[in-house]
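Here is a short tour of a protein model for someone new to reading structures. Keep the picture in view as you go, and look for each element as it comes up.

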Amino acid sequence: MEDQSQEQASPAVQKRVRDSFDLQGLMSHLGAKLTHIGPGRVHIVLPARPEVTQQHGYVHAGATSAIADSAGGYAALTLFDVDSEVLTVEYKINLLAPAAGDHLEAIGTVLKPGRTLTVCQLEVYGVQADGARKLIAHGQQTLIRVNKPAK
């Protein structure tokens with residue numbers, strides 16, 4: 001079976017996701033960046049910096065959870081029509097290890113798309129400067145498709 005994990009979304013979908021991501025004040029504040037936009041799969045990278053750590057020097061669970069939530073939401077958005085937006089209904093995340101590394105990489109993957117509700121898998125890896133990766137968080141998310149607000 002062909003690996004579709006690095007398949008790219010269409011240029012129009014990529015622009016739509018990037019434009020929406022750029023409107024998120026929290027992602028900008030944290031220093032998070034989109035690094036991959038594929039059909040039903042989005043990667044977000046967060047550099048480890050003192051501003052996003054907790055008292056022991058690990059990336060804070062709030063920052064870890066925020067990038068996981070956004071990765072899943074944007075993964076779902078890649079499958080929605082242009083008149084739709086997405087909102088998180090709920091998510092659960094298990095923190096499996098301290099969030100250590102050069103940066104964190106959150107990967108949101110659509111498990112089950114739907115007309116109203118979509119379910120995504122959330123993974124967050126701690127990535128060392130040498131490329132070594134460790135799964136530090138895993139979760140699941142439910143999103144609802146909503147109509148894009150009228151301008």
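## Starting from one residue

Let's begin with Thr64, which has its place in helix α3. This is a predicted model, so treat each value as computed from that prediction. Is Thr64 buried or exposed? Residues under 20% relative accessible area count as buried. Thr64 has 1% relative accessibility, so it counts as buried. Leaving aside residues up to four places away in sequence, Thr64 touches Val59, Leu95, Ala99, Leu104, Val124, Ile136 and Ala137. Val13 is another matter: 51 residues separate it from Thr64 along the chain, and their C-alpha atoms are 25 Å apart.

Because its relative accessibility is 7%, Ser70 counts as buried. Its contacts, again without residues up to four places away in sequence, are Gln24, Met27 and Ile44.

Helix α3 covers residues 61–77, which makes 17 residues. From its first C-alpha to its last it reaches 24 Å, close to the 24 Å expected at 1.5 Å a residue. Helix α3 is mostly covered, with 14 of its 17 residues buried. As a rule, an α-helix has 3.6 residues a turn, so residues three or four places apart point the same way.

## The sheet

How many strands does the open sheet have, and in what order? There are 6, arranged as β1-β2-β4-β5-β6-β3 with antiparallel pairing. Strands β1 (33–38) and β3 (84–95) stand at the edges; each has a single partner strand, so one side of each is left without a neighbour in the sheet. From one strand to the next, the twist averages 20°. Helix α1 (residues 11–22) packs on this sheet and touches β1, β2 (41–47) and β3. The direction of helix α1 makes about 155° with that of β1.

| Pair | Bridges | Sense | Residues between the strands |
|---|---|---|---|
| β4 (residues 103–112) and β5 (residues 117–127) | 9 bridges | antiparallel | 4 residues |
| β5 and β6 (residues 133–147) | 11 bridges | antiparallel | 5 residues |

Both pairs form hairpins. To line up the strands by eye, find His103, which stands opposite Val127 in β5, and Leu122, which stands opposite Gly139 in β6. In the turn between β5 and β6, Gly131 has a positive phi of about 95°. Why is β5 described as largely enclosed by the rest of the structure? The reason is that 8 of its 11 residues are buried.

## Stepping back

Taken as a whole, the protein chain has 3 helices and 6 strands. Along the sequence they follow the pattern α-α-β-β-α-β-β-β-β. The C-alpha trace spans about 45 × 40 × 25 Å along its principal axes. A compact globule of 151 residues would have a radius of gyration near 15 Å, and the chain's value of 15 Å agrees with that.

Of the 151 residues, 46% count as buried. The protein chain exposes about 8,200 Å², and carbon and sulfur atoms supply 54% of that area. Among contacts with a separation of 6 or more, 64% come from residues 24 or more positions apart.

Technical notes
Residues numbered from 1 in each chain as written. Predicted model: local features only at pLDDT ≥ 70, side-chain atom pairs only at ≥ 80, totals over all residues. Heavy atoms only, no water. Pairing = 2+ DSSP bridges. Helix = DSSP H or I, 4+ residues; strand = E, 2+ residues; numbered from the N terminus. Axes fitted to C-alpha atoms, helices over the stretch in contact; angles between N-to-C directions. Contact = heavy atoms within 4.5 Å. Rg over C-alpha atoms; globule rule 2.2 N^0.38 Å. Buried < 20%, exposed > 50% of the residue type's maximum accessible area, 1.4 Å probe, protein only. Areas by Shrake-Rupley, 256 points an atom, 1.4 Å probe, with all protein chains shown as cover. Expected span 1.5 Å × (residues − 1).
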